[in-house]
Amino acid sequence: MATFKDFRNNVKPNWCPGCGDFSVQAAMQRAAANVGLEPEQLAVVSGIGCSGRISGYINSYGFHGIHGRSLPIAQGVKMANRDLTVIASGGDGDGFAIGMGHTIHAIRRNIDITYIVMDNQIYGLTKGQTSPRSAAGFKTKSTPAGSIEQAISPMEMALTAGATFVAQSFSTDLKDLTALIEAGIKHKGFSLINVFSPCVTYNKVNTYDWFKENLTKLSDIEGYDPSNRENAMQTLMKHDGLVTGLIYQNTERPSYQELVSGYSEKPLSEADLTLDQEYFDKLTAEFV
Amino acid sequence: MINQLSWKVGGQQGEGIESTGEIFAIALNRLGYYLYGYRHFSSRIKGGHTNNKIRVSTTQVRSISDDLDILVAFDQETIDVNYKELHSKGVIMADAKFGPTKPEDTEASLYAVPFTEIATELGTSLMKNMVAIGATSAVLDLDIQVFEEVVQEIFGRKGQQVVEKNMEAIKAGYEYMKEQLGSNVGAMELEKADGQKRLFMIGNDAIAMGALAGGCRFMAAYPITPASEIMEYLIKKLPAVGGTVIQTEDEIAAVTMAIGANYGGVRTITASAGPGLSLKMEAIGLSGITETPLVIVDTQRGGPSTGLPTKQEQSDLMAMIYGTHGEIPKIVMAPSTVQEAFYDTAEAFNLAEEYQCPVIILSDLQLSLGKQTVEPLDFSKVEIRRGKLQTGELPELESKAYFKRYEVTEDGVSPRTIPGMKNGIHHVTGVEHEETGKPSESAANRIAQMDKRFRKISNIKFDTPVHKNAPHEEADLLIVGFNSTRGAIEEAMDRLEQDGVKVNHAQVRLIHPFPVDEILPLVKTAKKIAVIENNATGQLANILKMNVGHAEKVHKVLKYDGNPFLPHEIHSKCKELF
C-alpha cells in the first residue's frame, strides 16, 4: 500500500518560502495515501497561477491546463475513467474569476471529483493584483485606492448552486485539511474545499495571524449539523464566511455518473471502440 | 418527361415549411431519386420568410439548381422573394387564402390553390402542407400512394385517424390541382428512378455517425447553429455503447472537457461553429503543446461575430489553420460530400491519436445542413488505429522517475500513457516541458520539443488529400474549391467543357498540412486557376499561392452574400477569364 511519501516526487516547488500552498500539497498527498490510492489511480488537474503548479508537485498523473479551466478538464478525465480519483485545484483567481462559470456548473452538475481552491485573496504570480476574493477596500497594484467591488462568498455561492459537499479549511490545520480532503474524495459527487492559503509576499492583510484571529472552527460550534443547509447558510452569514470545517454535505443526491443513462459501469477508456456491422446497418437504416 | 426537377416551398417560419419539404423529399428518395436540399432560414423560431428548395434528379446531384420548376407559396412574400428563379414554364401554386398575385415580369403560371380551405374542411388548417404536396403530385403526375408510408411513419403515433386525414389532404390537393391543370397534368412528369434505397441525410448526421463508427464515446458541446445536430444525434446514440454527451456551460468548457476526456483515454469530440471556435482557440493550443488528441468540428457559417448565423460561408479557413497563439501542429480536413464527412470524421480520431494533435474537421453550413441523397456508407472502410497509445504492462520506472511521455523520437510521436496505467505516470502541462512533462525553459529543450512536435505532421498519411477530376494533361483552367462547393463546381465544369474550355478540378480535402505534392502538378499544367470560395478575401486562393506559388495564374471567384454558389455563377465567372 502506498504511503504519503509515494505521492512525493523529486520536483522542488517554486512557491515562496512560507506559502500556504506547501501545506495543501502535503495534505493532498496524505489524504491520497489515507484513502488507499496508488499514485497511478490519482489524477490531479490544476489551473494557472502559483497554486496551479501543484499538479507537478505530486507523484500522480497530473495535468496543468489553462487559466480557469481545471474543472472542465478534470470533469472530462473523470468521465473518461470513473475509477480514477480526480482532484482539480487552483487559486481563487482561477476558480472564482476567470473560471467562475465552470465552478458554478461543476457544482450543479455534481460529477464525482474534488475541487481544492487555494484561496489567498490576491493574484500572486502576476505580482499582486486584486482578486474576486479581495475584500472591499483592499489595496493592490490594480486597486491603488482600494477595491470598490464586493468580494465573492464562495461557500454561500456553492450552497445556492446546489453543492453536495462544501468545506473550508486553513492551510496550517494540516490534520483537519487532510481529513476534509479525504472526506471530499470519498463523497459521491462534487466536493468543493476552499482553503485559506496565505500569500506571504503580496497579501499583507490576510496573513496567518489574521486568519488565526478571525476564523471559527465549526467543530467549536455546539451541535453544528453539516446536513442542515439552511443552518449552514446562516452560520456562513453570521461569521462572514470565516469558518473552517465541513460546512454542508448532502449524501442523498446521486452523483452525475450515477444518473447518466447508459453510461458504462467500467471505465469508458476501456470501451470497445468497434461497432458490429448489424448495429451499423441499423444506424443507416434510419436514414433511408 | 424530365429527369430533373427543382421544387421550392416557402412561407413563414414555424408554419411547417421544413416538414413539408421533408415529407416530399423522403418519399422521392425512397423511389430512388437523388435529392439535394437547401434550407433558407433565419435565426428565429416563428415568423420571417423561410423556404426549402429541393432538387430531384435521376442522377447524383450535389448542388442547388440554377432555376426553379415549381414554387409552392404560403404567402405573397414567398412569391416576391423567389419568383425570379422560375423559368418560363415554371409553376407557382399559392394558397388562395391570401389572394396571390403574380409579378408582371414572369412567364411562369400561377395557380391559386385553396390549401388552407381544403385542409380546414378536412379537419385542420395544419394539413395545408399536405394539400400542397398533393397538388405538387398532380403537376408531376406522381402516384400519391408514394407518400403513404412516410405519412404513416410521421403521424402514426398520433393515431390512424390522423394518418388517414393527412392522406386525404394529399388526395384532395391532388384532385383539385388535376382539375385545374386539365390537359397540363403531368406537364413535368418525372422519368422513373431506379428504385434503389439510398440514404437521405445531412452532413451533420454523417459527421455524428462517422464519430460513432470511429470509436467516439464521449462528446462535450454547447449548442450552436449549424452544429447542434451532431450533438443531438450522439445524445441519442452514445448511451447504447456506454458513452454520453455533456452539454457544457460554454464553448471553452466543451473543448477543455473534451481535452480532459481524450487525455483520460476516450475518443471524444466537440463541435461548434465560428463563434465557438473563436472561444476554443486557447484550448486548441493546449491540445497542441500537450499533444493531447482532440477532434473538433467547425461548421462554418457567416462571420465575423454573430455575422450571418444561418447562412453559408467559408471564412474560417485561416482561423482554423493559424488560430491559437503560438505555433502547434494541427490537422485541418475539409470533406466535400456527405460521404466524405462520414469517412473523414471516423478517420479524424485515428489521426488525432496517431499524431497526438488537434484535428479540425471543417464543414460549412450547406454541407452540414443540406439534406441530400447519399450512396450507402461502407462500414468496412472504417478502421480504428490508436497510434502509440501504450497497452499491456509497462516497464517498471525507477523510483520517482516519470514516464517519458514527450520522448524525442525520430517521427516526433512519443509513446502515450493514460491515467490509471501503472508505470505510466508523467506530467502534462501547457508550459514548455521536457521529455517527462516537467516544465523546462532550457533553450535546447525548447528547440528539441518544438521540432519534435512539428516533425509529427511533416509527413502525414491521409488517404485522399485532394479529390481530383483531372481529365486533361494540359488544362486551360484548374478549378479549386473546398467543402460544399464541389457539386456546383462539377456542374460548371461540365458546361465549361461544352464551351470548349479544358478544365481540371481539385477539391482540397486536407487543408493543413497543405497537400503541395498533390496539387502542384495540376497547378503547373494549368494556364489559369480559379479558386471558388464563399468568403470575401479568397482565403483558399491565398493559401494556395503561399504553398505552391504561381500567383500570376490564380483568380479568386468569391461569393459572400450568405448563399451557396449556383453552377451558372461559377460557369460565367470562369468564362470571364477567357
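Predicted model: local features only at pLDDT ≥ 70, side-chain atom pairs only at ≥ 80, totals over all residues.
**Notebook: chains A and B**

I started with a helix pair in chain B: B:Val516, B:Ile519, B:Leu520 and B:Val523 of H16(B) touch B:Leu544, B:Asn547 and B:Val548 of H17(B). I sorted the residues of this contact by type and got 6 nonpolar, 1 polar and no charged.

Next I looked up the geometry of the pair. H16 of chain B covers residues 516-524, and H17 of chain B covers residues 539-548. Their axes come within 10 Å and cross at roughly 95 degrees. Angles of 65 to 115 degrees count as roughly perpendicular, so I logged H16(B) as roughly perpendicular to H17(B).

Then I turned to the interface. I found 58 residues of chain A in contact with 67 residues of chain B. The two chains bury about 5,100 Å² between them. Carbon and sulfur atoms account for 65% of that area. Which residues of chain A lose the most area to chain B? I noted A:Tyr61, A:Leu273 and A:Phe287, together 17% of what the chain A side buries.

I also checked charged pairs across the interface. The count between chain A and chain B is 2 salt bridges. I looked up one between side chains, A:Glu286 with B:Lys237, at 2.7 Å from N to O.

The unreviewed entry lists residues 14-175 as "domain: Pyruvate/ketoisovalerate oxidoreductase catalytic". I read the chain there as 41% helix and 23% strand. The end C-alpha atoms of residues 14-175 of chain B lie 27 Å apart.

Notes
Residues numbered from 1 in each chain as written. Chains lettered and ligands numbered in written order. Heavy atoms only, no water. Axes fitted to C-alpha atoms, helices over the stretch in contact; angles between N-to-C directions. Helix = DSSP H or I, 4+ residues; strand = E, 2+ residues; numbered from the N terminus. Parallel < 35°, antiparallel > 145°, perpendicular 65-115°, else oblique. Contact = heavy atoms within 4.5 Å. Nonpolar A, V, L, I, M, F, W, Y, C, P; charged D, E, K, R; others polar. UniProt positions renumbered as here; feature names shortened; annotations may be inferred. Buried area = accessible area lost by both parts, 1.4 Å probe. Salt bridge = Lys/Arg side-chain N within 4 Å of Asp/Glu carboxyl O.
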